[in-house]
Amino acid sequence: MPAIQFSPNATALTIAGSDPSGGAGLQADLKTFQQLGVYGMSVITLLTVQNTQAVTHVEVLPASLIRDQLNAVLTDIPPRAIKTGALGSADVVRTVSENLKDVSCPVVVDPVLVSKHGHVLVTDDVVEAYRTHLLPLAFMVTPNRFEAERLTGITLSDEHSVAMAIKRLQHFGARNVLIKLGEVSGRSHHWMNGENPGSRPEEARLFESVRMPTNNTHGTGCILAATITAKLALGETRPHELAAFAIQRVSEAVAVNTHLGHGIHPAEIRAMSRGDAT
Ligand code: PLP
C-alpha cells in the first residue's frame, strides 16, 4: 500500500455528529480526509448512540460549546475547506452559520435532515434555518432525494423537477448543488447544476453510475461530501470534477464487503495516497 503523502497546507474541518460505530458522521469524515492526504479537524455538534443496526439516542451539544470549539480551531489552524454534517437543531445551524460567515474557504453543506431511507431526523425549524442561514454560505450542498424535497418543497418525480429543485437551492444561496437522487431503473443517479455560473435548469448534469446491490451503504453520504471537501482542501475547485471523483470513490467503497456489524455495513474507504487521488 503506498504511503499517504500529506500536503502541509491541506487542512479540512468537519462540523458534524459522532457515530461511535465509526461508519458515518465525523469519524467517516476524518478517515476520508486522512486517506486523501488532508489534515483533518472536527468540531462535534451532537453525540449519537448507534451501531450499524440502529440509532437509539441523540444528544445535541449546547450551541455555546459548539461556538467555543469553532473559535478554538478557526483562530489557530485555518482550514482550507469546511464540511458541515448533522447539526441537530435550528440554534446550532444559526450558531455555525454565524461563525462561518467570515471564513474565506469553501463550505460543503451535507444537510442531514432525512435518512437515505426516508426517516425524518429534524424538525421544520431546522429546515428553515438551513434555507435562511447556511445555504447562502455553501460552495456546494449535497442533499439526498428526501432532503432536496424537504428543503425546496418540490417533489422529485422527473428530470424537470430535479432541475427546478437545483435552481431553487441555488436561489437560497448555494453556489453548487449535488442531489443524490438514488436508484433510477437499476442505476445510481446524481444530478448537479450546469458548470457555468447562471446556467439554465436544462443544463443540469446527470452522473449515472452502476448501482451495487450491496448492504455496505452506512456512511456513504458522509464519505461523498467529505471527499469533495478534501479535494477542495487540495485545491480542486471545478464542481463537476469534484462530483465525478467523489461518486466514483463512493462506488468503490460500497463494493468492498466489510461484513462489519449486524446491520447496514459501513462503506469501506480504500486507503489512497494523494498522488492516486489527483
Ligand atoms: N451523521 C451522523 C452523526 C450519523 O449518525 C449519520 C447516520 O447515521 C449521518 C451523518 C448520515 O449518514 P449517511 O452518510 O449514511 O447518510
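**Close-up views of the ligand site and a pocket**

**View 1. Residues around the ligand in the predicted model.** The shell around the ligand is made up of three nonpolar, seven polar and one charged residue (Ala, Val, Leu, Ile, Met, Phe, Trp, Tyr, Cys and Pro count as nonpolar, Asp, Glu, Lys and Arg as charged, and the others, Gly among them, as polar). Its members are Gly 17, Ala 24, Gly 25, Gln 50, Ala 86, Lys 116, His 218, Gly 219, Thr 220, Gly 221 and Cys 222, each with a heavy atom within 4 Å of the ligand. Helix H7 (residues 220–233) gives the largest share of this shell, three residues; helices are DSSP runs of H or I with at least four residues, numbered from the N terminus. This is a predicted model, in which local features need pLDDT of at least 70, side-chain atom pairs count only at pLDDT 80 or more, and totals for chains, interfaces and linings use all residues. Residues are numbered from 1 along each chain as its sequence is written, and side-chain values use heavy atoms, with hydrogens and water left out.

View 2. A backbone N or O atom of Gly 219 is 2.9 Å from a ligand oxygen atom. For Cys 222, a polar backbone atom lies 2.9 Å from an oxygen atom of the ligand, and for Thr 220 the distance is 3.5 Å (a polar contact is a pair of N or O atoms within 3.5 Å). On its own the ligand has 400 Å² of accessible area, of which the protein covers 83% (Shrake-Rupley method, 1.4 Å probe).

**View 3. Lining of the second largest pocket.** Of the 14 lining residues, Arg 175, Asn 176, Glu 195, Asn 196 and Pro 197 lie nearest the pocket centre. The lining divides into three nonpolar, eight polar and three charged residues. A pocket is an open set of points on a 1 Å grid over the protein atoms alone, where a 1.4 Å probe fits, with protein on both sides within 12 Å along at least five of seven lines; lining residues have an atom within 4 Å of a point.

Key. A polar contact is a pair of N or O atoms within 3.5 Å; within protein, one must be able to donate a hydrogen and the other to accept it, and residues adjacent in sequence count only if both atoms are side-chain atoms. Helices (H or I, at least four residues) and strands (E, at least two) are DSSP runs, numbered from the N terminus.
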